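Try each task before reading its solution.

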Amino acid sequence: MPQVFRRYWLWIVAWCALVILGSTLLARNEFGRLREEFETSARIVHRLLSQRVVQHDAILATLALLQPASDGRHPEQRLTSVYPQILGVSRREPHGIWSDKRLLPAETLSRTLHRPVLAAIDFDKGRYELVLASEPVSYALQIDLRASVPWSEWPMATDRSPVRVTLEHESESFIIQPGQLRAGGWPIEFRKLLAAESQLFEVVATRRVGLADLPWRWMLAYTAVVSGALAALVSLQRQRVGRRRAEELLRLGQVARLNTLGELAAGLAHELNQPLTAVLANTQAATRLLADDPPELDVARRAMAQAVQQARRASEVVIRLRRAVERPDCMAQQQVVDLQDAVRNALYLLEPEFNRRGAVASMAFLSTPPAVLAEPVALEQIIHNLLMNALQALEQVPKAERQLKIGLVQEGGRGLLTIADSGPGIASDVLPRIFEPFFTTRNGGLGLGLSLCETLSASMGGSIYARNNMPRGSVFTLDLRLA
């Protein structure tokens, strides 16, 4: 799991960032929608209640204007049947007294302010009285708070609404709608005085928005979409990386085949050139000996001269063949190469091979990567061959024991790359011949891989050598000049 995390940590971080950002925006939008819906309902509540308290002022003003009645009747007696929120109407005749002594101070204040005044507020019973001083009769309305609410126009379902609505006056409050308030969450509140100076009640609406109110369906759907999109991008990247890795391996394979052909052609040219040279020398000697014989041997001399001519032609053909297939001059193509980057590139190309074999590579690199003089393609091929040999050796041990250690050190003016495996090691009789051409201990092998590595390293002014590892395995060291 840690290895997978290291490989895809950027994608995981991107996924987390996108999911958190998108979910936050969705939650914020939902929170804004709920707040807007809450404030709209609270404003409607305030408007409806304001209309009722203004209506109470208008009723008192109408009563004051209609007095005294010409027929001696009292029109206020019919108000309780017309307005259900009015529990009763009291009046004080000239030189009379109020039945409730609390109404007298309110009447005095009303006469001073020239408007109705609150009196005898009882929130426990859900009622209050409103007094208007007038001449010759003053009036007082006893009003039921709950009956004052226009439930038919109420914007919320009172039995399941999450909003609590109260009327507050000074330190007392009357609950109009209890609401299903949750514990915790984020509070939303609305406060506003009713639109009547005579009844300064403050409408207070409260609600709490919790985790249950978040748009989980949309958030999960968004997460699924983001996950699918990133999975598709990861798949495309893996295909692109795999294609690039395959092209690089193909290039290295082609270079390896050409170098192997060059190694083979060079060996054949060397082996054929020696006998041809001997034939040339012998025929030349025979020609000189035959030159001392009687003149009748002219035909023999001409035949031997033709043999010399054919031998020279064969030698020239071999030389031309060798020139055509021999490797380019690595010394002439040397440049400064970061040895650490070359190792990382080879490990990247062979990553599928490591995963398939279950091998684990540990690296001990320097803080300052060594720069060496080398031909880049030849260096890549050497490292690639050494790593492949190590992986093939690790196939002979259990998966749990397959370890590969790669180290970079500097000694003097040299850069050393060591590749140590935990395989079965190299037999003592095989070790001296490990770099010989055509020598192999692997079934189906040509015995040219390590020989080619030695030839390429030598052409770059370096060397390569092998030894057995302790307690088990083998160590190959590539020695190159530092830049």
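**Exercise 1. An aromatic cluster**

Are Phe123 and Phe201 buried or exposed? Then classify the ring pairs that Phe201 forms with Phe123 and with Tyr128.

*Ground rules.* This is a predicted model, where local features need pLDDT of at least 70 and side-chain atom pairs count only at pLDDT 80 or more, while totals for chains, interfaces and linings use all residues. Residues are numbered from 1 along each chain as its sequence is written, and side-chain values use heavy atoms, with hydrogens and water left out.

*Solution.* 
Step 1. Phe123 and Phe201 are both buried. Buried means under 20% relative accessible area, exposed over 50%, and partly exposed in between, with a 1.4 Å probe and protein chains only.
Step 2. Recall the pair rule: rings of Phe, Tyr and Trp (its six-membered ring) pair if their centres lie within 6.5 Å. Planes under 30 degrees apart are stacked, over 60 edge-to-face, and the rest tilted.
Step 3. The whole structure holds five aromatic pairs. In one of them, Phe123 and Phe201 are 5.8 Å apart centre to centre, with 45° between the planes, and the pair is tilted.
Step 4. For Tyr128 and Phe201, the centres are 5.0 Å apart and the planes stand at 70°, so this pair is edge-to-face.
Step 5. Tyr128 sits in strand S3 and Phe201 in the loop between S7 and S8, so the pair ties together parts 73 residues apart in sequence. Helices (H or I, at least four residues) and strands (E, at least two) are DSSP runs, numbered from the N terminus.
Step 6. Ring pairs join Phe123, Tyr128, Phe174 and Phe201 into a cluster.

**Exercise 2. A glycine in a loop**

Where is Gly423 found, and what is it in contact with?

*Solution.* 
Step 1. Gly423 is in the loop between strand S13 (414–421) and helix H9 (449–459).
Step 2. Gly423 has a relative accessible area of 0%, so it is buried.
Step 3. Neighbours within four places in sequence aside, Gly423 is in contact (heavy atoms within 4.5 Å) with Ala393, Leu394, Val397, Arg472 and Gly473.
Step 4. Gly423 and Gly473 are 50 residues apart in sequence, yet 4.4 Å apart in space, C-alpha to C-alpha.
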